[in-house]
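Here is a short walk through one structure. Keep the sequence and the 3D view side by side as you read.

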Amino acid sequence: MIESYKAVYAAGQEEIVEKKSRFIASVQPIESEEEAIKYIEQLRKNYWDATHNCYAYVVGKRNEVQRCSDDGEPSGTAGKPILDVLLGQGIHNAVVVVTRYFGGTLLGTGGLVRAYSNATVEGLKQCVIVEKKAGKKVRIVTDYNGVGKLQYITCQMQITVLNTIYTDIVTMELLVTFDLLHLLQQEVIEATSGKCEIEEYGSTYFAQVKDEIILFDDELVEG
């Protein structure tokens, strides 16, 4: 199981200029190679008059799929630099298309590598990039005497509280990373003198975007 990985949550775009050539980096989150290909084709239609539409994409929590294309630029000067930036920053499930409009001045192989790399870096800066973490959904049921103790524990351990339900008892639904799961159980049992019920009821990847917790549908295989 991959406990955490970085991914693009919201798309972004940025343009740089090198010796009058325009390099437009467009970044899109994807979940499959088919989505990447579809996005690349769309960008080619959008920028049909461009000199080149070079790209790279990575798919999978372990980047099982890696592809890149120089689209007519000298071999190794465009697609691979884009891919290297994605891999270097540890980004997963993303496609980058760098569109070039030739400005009349040759950049040379070194200049092209720098331009495509820099464009990709700037494009990624315009995206929302998150760290997806694997977590367990945990439900804790206790009496009202234990509420304050649970609130203190979750605050101290920086555990996300998804929901709190108050009836004749109190039910707290939490999102806990795997590395904190055992410690949380110990702390809760000790704090409530065992007067609680702890139930694990699901697993998911999640990330924090500003002050919001986002749950994802990624397949989470434990083992």
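The sulfur of Cys-54 lies 9.9 Å from the closest cysteine sulfur, that of Cys-68, which is too far for a bond. A disulfide is a pair of cysteine sulfur atoms within 2.5 Å. The structure holds zero disulfides. Cys-155 is in none either: its nearest cysteine sulfur, in Cys-196, is 19 Å away.

This is a predicted model, where local features need pLDDT of at least 70 and side-chain atom pairs count only at pLDDT 80 or more, while totals for chains, interfaces and linings use all residues. Residues are numbered from 1 along each chain as its sequence is written, and side-chain values use heavy atoms, with hydrogens and water left out.

Is Cys-54 buried or exposed? Cys-54 has 0% relative accessibility, so it counts as buried. Cys-155 has 56%, so it counts as exposed. Buried means under 20% relative accessible area, exposed over 50%, and partly exposed in between (1.4 Å probe, protein chains only).

Now turn to two helices. Helix α2 covers residues 79-88, and helix α3 covers residues 108-125. Helices here are DSSP runs (H or I, at least four residues), numbered from the N terminus. The two pack at an angle of about 40 degrees, with axes 8 Å apart. Axes are lines fitted to C-alpha atoms over the stretch in contact, and angles run from 0 to 180 degrees between N-to-C directions. α2 and α3 are therefore oblique to each other. Oblique is what remains once angles under 35 degrees (roughly parallel), over 145 (roughly antiparallel) and 65 to 115 (roughly perpendicular) are set aside.

Which residues meet? Pro-81, Ile-82, Val-85 and Leu-86 in α2 meet a set in α3 that includes Val-113, Tyr-116 and Leu-124. Contact means heavy atoms within 4.5 Å.
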